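Please look at the sequence and the model first.

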Amino acid sequence: MQIDTSQHYRVALKPVQHTIIMLVGAGGTGSALAIDLARLLYHIREQGQSIHMQIIDPDVVEPKNVGRQQFSPFDVGQKKAVSMAERLNLWLGLDVMAVPEPFDANMPVMMPEYRNRSVRYILVGAVDNHQARTAMRDYIKSRQNSGDWWWVDAGNGEYTGQVLVGNITAGKVSLNSAFGLINGLPAPSVQMPELLQEEETAVAEPQLDCALAAIRDEQSLNVNRLMAVYAAQYVYDIVVRHELTTMGAFVSLSPPSANSRSITKQSLERFSSADFSVEVLKGGVYK
């Protein structure tokens with residue numbers, strides 16, 4: 001067994017006055033994740049802190065979604081974002097906002113009253129196509145230098161999946177060896193550029209959505225729930241623990257396994273390019 005002797009780094013986040021979570025996607029993973037994030041909202045508000053969430057998804061609940069996603073027969077015909085937000089608000093007395101529209105790079109934040117205060121924004125992606133992820137990349141890229149933005153992205157296949165977290169789409173991360181700190185993480189689009197590429201299929205048919213793929217047994221019934229748990233944990237680490245000690249998790253249901261992507265100089269340098277680089281600071285200086 002090989003022993004990892006590399007220095008591991010962590011992101012230490014400052015507490016903020018307000019947190020805004022933007023969940024993009026309310027399908028297989030998104031509908032399960034919405035429930036976990038609502039529990040987090042309730043927990044945080046019980047402690048007297050300010051946190052809000054909006055769910056963004058233009059799709060309508062179809063019969064094939066019932067049981068495979070977190071919807072009932074009574075939800076059929078309703079917008080997924082609206083149905084989920086109403087249910088969570090009724091369940092926990094929250095004020096989750098529904099945005100039943102496609103996500104795009106120019107979408108405004110629905111809580112403008114907090115823009116000039118101490119705010120942390122968390123964009124949580126639970127989508128199954130490269131167009132939506134490209135829009136999220138562009139959204140973060142246009143804002144990474146004008147606010148405290150983080151991007152958590154969940155994706156999966158038949159029995160496997162990954163959750164990636166980061167905030168830098170282009171630029172430099174600085175490592176402080178004296179304190180074991182890093183000032184940011186490569187965004188999911190930097191860690192896995194293939195997330196933004198159109199998938200090639202062997203058959204000439206439209207890409208299957210999560211529900212239809214599950215019905216055809218091309219996707220495990222439980223993989224979306226698993227991805228939701230890991231994505232919710234990363235959001236919890238940002239909001240509650242104010243700390244990130246890994247930048248990704250890779251999981252499998254068959255065979256059962258889980259691995260994390262450590263934050264080391266070696267792992268970060270794998271993503272070095274013309275747009276992304278790593279800097280090691282000398283002494284005790286930290287940017």
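In what order do the three strands of the open sheet stand?

## Basis

The model is predicted: local features need pLDDT of at least 70, side-chain atom pairs count only at pLDDT 80 or more, and totals for chains, interfaces and linings use all residues. Residues are numbered from 1 along each chain as its sequence is written, and side-chain values use heavy atoms, without hydrogens and water.

## The sheet

The order is β9-β8-β13, and the pairing is mixed. Because β9 (181–182) and β13 (276–281) each have a single partner strand, they stand at the edges, and one side of each has no neighbour in the sheet. Strands here are DSSP runs of E with at least two residues, and helices are runs of H or I with at least four, numbered from the N terminus. Two strands pair if DSSP finds at least two bridges between them.

Strand β8 (residues 171–176) pairs with β13 in the parallel sense, over six bridges. N176 stands opposite L281 in β13.

## G184

G184 lies in the loop between β9 and α4 (188–191). G184 is buried, with a relative accessible area of 0%; buried means under 20%, exposed over 50%, and partly exposed in between, with a 1.4 Å probe and protein chains only.

Leaving aside neighbours within four places in sequence, G184 is in contact with W150, N167, I168 and V173, where contact means heavy atoms within 4.5 Å. G184 and L13 are 171 residues apart in sequence and 9.6 Å apart in space, C-alpha to C-alpha.

## N224

N224 belongs to helix α6 (residues 223–241) and is buried, with a relative accessible area of 6%.
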